[in-house]
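Hi,

Here is the structure I promised to pass along. Please have a look at it first, and then read my notes below.

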Amino acid sequence: MESKLRAILSDDDLLRMYEQMVLSREFEESCAEQYAKGHITGFLHLYSGQEAVAVGATAALRRDDYILSAYREHAQAIVRGAEPLRVMAELFGKATGICKGKGGSMHLFAPALSFMGGYAIVGGQFPIAVGVAFAAKFRKEGRIAACFFGDGAVNQGTFHESLNWARLWELPVLFVCENNHYGIGTSVERASALPDIHRRTCGYDIPSERVYGMDVVAVHEAIKWAAEWVREHNRPFLVEAITYRFRGHSMADPGKYRSLAEVELWKSRDPIPAFGNRLVAEGIATETQLEGIRQQALATVAEAVAFAEESPWPEDGEVWEDIYV
């Protein structure tokens with residue numbers, strides 16, 4: 001049988017995407033365990049179920065393209081290249097964390113990776129993405145800004161203001177909506193007069209597309225095409241990825257607004273085993289290889305937890321550092 005996946009990406013790239021999805025899942029599941037143990041405090045928003053979006057999209061972007069996200073961003077930071085052990089240390093509030101323990105779960109930031117946050121304020125990343133794209137255009141860098149957000153953010157004023165300015169100034173912004181159907185506990189159908197979020201851009205003369213966000217290859221292809229369109233035309237574009245979070249909005253959310261049948265239906269569409277089955281069916285990997293990848297991910301996460309546990313707390317004097325830029 002001719003491989004359909006090999007016609008799109010190399011074996012190495014395909015396996016790398018699978019590895020990243022598995023690592024992201026195991027990292028998040030470990031975060032849930034560490035939260036229950038009291039090692040991670042505050043709000044904790046997990047990405048389990050949405051891995052295909054972060055992995056497929058990031059693989060389709062250039063390494064120097066900017067990425068901005070919301071507060072469900074652990075996986076996006078790791079997929080971008082952040083060390084899992086430093087991300088875990090940040091969640092623990094330790095000095096060895098990616099932000100010296102000052103950002104925590106919702107404020108991951110790694111400018112060396114062009115990963116510009118992590119924003120706890122709903123819709124807070126939109127104007128920042130427009131500003132970053134303006135800078136890239138002004139400097140003639142050829143970079144774009146990929147701005148990830150959830151369906152719950154599209155009723156914020158910053159969403160509409162930012163779309164308007166991005167189009168008016170013709171800025172290279174790729175807006176990526178991770179539509180997981182719920183803004184906290186309110187379904188998008190109850191919160192939005194137009195649930196088809198990608199159609200909202202018509203009011204700003206911005207083209208858009210919808211993609212099935214549980215398919216990592218479909219996401220990769222959609223983002224790759226959209227990113228190059230943004231780069232070529234120096235104008236904004238929006239991609240709506242239909243996905244689902246398997247856990248509640250945060251660890252404090254029991255998720256009682258969703259039926260068990262609905263959750264199980266979406267879990268049957270889990271992007272990781274679905275992609276793994278395709279890799280095996282097309283002869284790109286064996287079941288043994290896939291299990292080896294999972295075991296390696298578990299070892300990486302265990303190392304990250306041990307590193308975070310053993311790392312020191314920030315010194316008291318650190319409270320006065322990193323205030324001004």
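Let me start with a pair of helices. Helix α1 (residues 11–36) packs with helix α2 (residues 51–60) at an angle of about 140°, and their axes are 9 Å apart. Axes here are lines fitted to C-alpha atoms, for helices over the stretch in contact, and angles run from 0 to 180 degrees between N-to-C directions. α1 and α2 are therefore oblique to each other (under 35 degrees counts as roughly parallel, over 145 as roughly antiparallel, 65 to 115 as roughly perpendicular, and the rest as oblique).

A word on the source: this is a predicted model, in which local features need pLDDT of at least 70 and side-chain atom pairs count only at pLDDT 80 or more, while totals for chains, interfaces and linings use all residues. Residues are numbered from 1 along each chain as its sequence is written, and side-chain values use heavy atoms, with hydrogens and water left out.

Helix α2 also holds alanine 59, which is partly exposed at a relative accessible area of 41% (buried is under 20%, exposed over 50%, partly exposed in between, with a 1.4 Å probe and protein chains only). Between alanine 59 and valine 217 there are 158 residues in sequence, yet their C-alpha atoms are 9.9 Å apart in space.

On to tryptophan 165, which sits in helix α6. Tryptophan 165 is partly exposed, its relative accessible area being 38%.

Best wishes

Key: Helix = DSSP H or I, 4+ residues; strand = E, 2+ residues; numbered from the N terminus.
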